[in-house]
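Open the model in your viewer and keep the selection tool ready.

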Amino acid sequence: MDNAGKKPVWSVQPPKGMLKGDYYRIEERFPPYYPGVEGEFPADPGHLGIVEAVKADGKLIFVELNEITAPSYYNHLYQGISKRRSSYSFWQYTKPRMQKAGSVLTKGMQYVEQQMLEKQSLSGDFDLVASASGSVKKLLTFAAKLDKELDEPSSKKLYSYSEDYGYGLTGWLKVVVENGRIRSCRFDEIFADNEEDIVHPELKKYYRQSKYDCPAYEDPFPSGWDRHAFLVGFRTQMDNLNLKVCATQNMLDLTGLPHAAGRDMGMIWDNPNPDHAHLDMDPKNRPMYPAFINYLRMAKVVLEEMRKDGVFQ
């Protein structure tokens, strides 16, 4: 695919609504940049390539490629960061080579994924986006390995549910179940693809990114607060949520998680100037984290679907 001279356009939106099926995943490291010396300094681990796929009723219904940068990456901001829904593609497009080609990595990944779904295969010859194919070529070798597993049913089931909040944010909950146990419970909130669709002015700069993957994401102060209401970042909150759910096997119990209790201030980011003057703004009485309220609502939907299918009690 040649997009030379044109500005690249890509989407970070998750599959809409409920998506479920047999779940397949492979993670492999790219070749490291340097070997290290034993007893002196460690070797570079290389970037981490990830390929995910879901099949339902014998059909491939979801494919996603991704890459996590190595901890040694030359740009400190992007060390150990997902390239897919971070600001990586925007930064990548500042390079003259990418501007000339009119391409970025995320666009290249999505172009191949579309072909995989059309072909119903993770292996074969695929057209690539010019100048955004280096990582994709490596990911295709991983995808070919995963493709060999697709003929057999997977022991893991994915329940993916997304909900558009209507003001420039979409919640995305992905739960992996295996042998009646939750193996992963990942929640993220994805910003709209276009800046103008995001209502809260302080959030507009995060368009085409997710809260979890954006390396510079910071929750705005809730209206009426002269200090930050939430002292724990979104990424840590969601990592802790995943660990707790996997340990307790209870998707609805947030006991002990930071900012999981307190006053419900509502959506907060659906209106840039909400009237919260009636609320207690004492920093000792911090409100409940809005993302947890969104998560709990969506978790009930997913939980009901899993129980209906008999994969989780």
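**Stop one: lysine 16.** Select lysine 16, which is exposed because its relative accessible area is 54%. Here buried means under 20% relative accessible area, exposed means over 50%, and partly exposed is in between (1.4 Å probe, protein chains only). This is a predicted model: local features need pLDDT of at least 70, side-chain atom pairs count only at pLDDT 80 or more, and totals for chains, interfaces and linings use all residues. Residues are numbered from 1 along each chain as its sequence is written, and side-chain values use heavy atoms, with hydrogens and water left out.

Lysine 16 sits in the segment before E1. Helices (H or I, at least four residues) and strands (E, at least two) are DSSP runs, numbered from the N terminus. Which residues does lysine 16 contact, leaving aside neighbours within four places in sequence? They are Ser162 and Thr170. Contact means heavy atoms within 4.5 Å.

**Stop two: lysine 20 and aspartate 309.** Select both side chains. They meet in a salt bridge, 2.9 Å from N to O. A salt bridge is a side-chain nitrogen of Lys or Arg within 4 Å of a carboxyl oxygen of Asp or Glu. Aspartate 309 lies in helix H6 and lysine 20 in strand E1, so the pair ties together parts that are 289 residues apart in sequence. Aspartate 309 is partly exposed at 33% relative accessibility, and lysine 20 is partly exposed at 28%.

**Stop three: helix H6.** Select residues 290–309. How far apart are the end C-alpha atoms of helix H6? They are 29 Å apart, which agrees with the 28 Å that its 20 residues should span at 1.5 Å a residue. The expected span is 1.5 Å times one less than the number of residues. Step on to glycine 310, which follows H6 and has a positive phi, near 75°.

Select lysine 174 and glutamate 52, whose closest N and O atoms are 3.1 Å apart in a salt bridge. Lysine 174 lies in strand E5 (residues 169–178) and glutamate 52 in strand E2, so the pair ties together parts that are 122 residues apart in sequence. Both lysine 174 and glutamate 52 are buried.

Next, select glutamate 178 and arginine 183. Their salt bridge has its closest N and O atoms 3.4 Å apart. Glutamate 178 is buried at 16% relative accessibility, while arginine 183 is partly exposed at 40%.

**Stop five: arginine 208.** Go to the loop between strand E6 (181–191) and helix H5 (234–248), where arginine 208 is placed. Arginine 208 is buried yet has no salt bridge. The nearest side chain of opposite charge is aspartate 193, 5.1 Å away. Lys and Arg count as positive and Asp and Glu as negative; His and the chain ends are not counted. Not counting residues up to four places away in sequence, arginine 208 touches residues including Trp10, Arg85, Phe90 and Asp193.

**Last stop: tyrosine 34.** Select tyrosine 34, in the loop between strand E1 (17–29) and strand E2 (48–56). Tyrosine 34 is partly exposed, with a relative accessible area of 35%.
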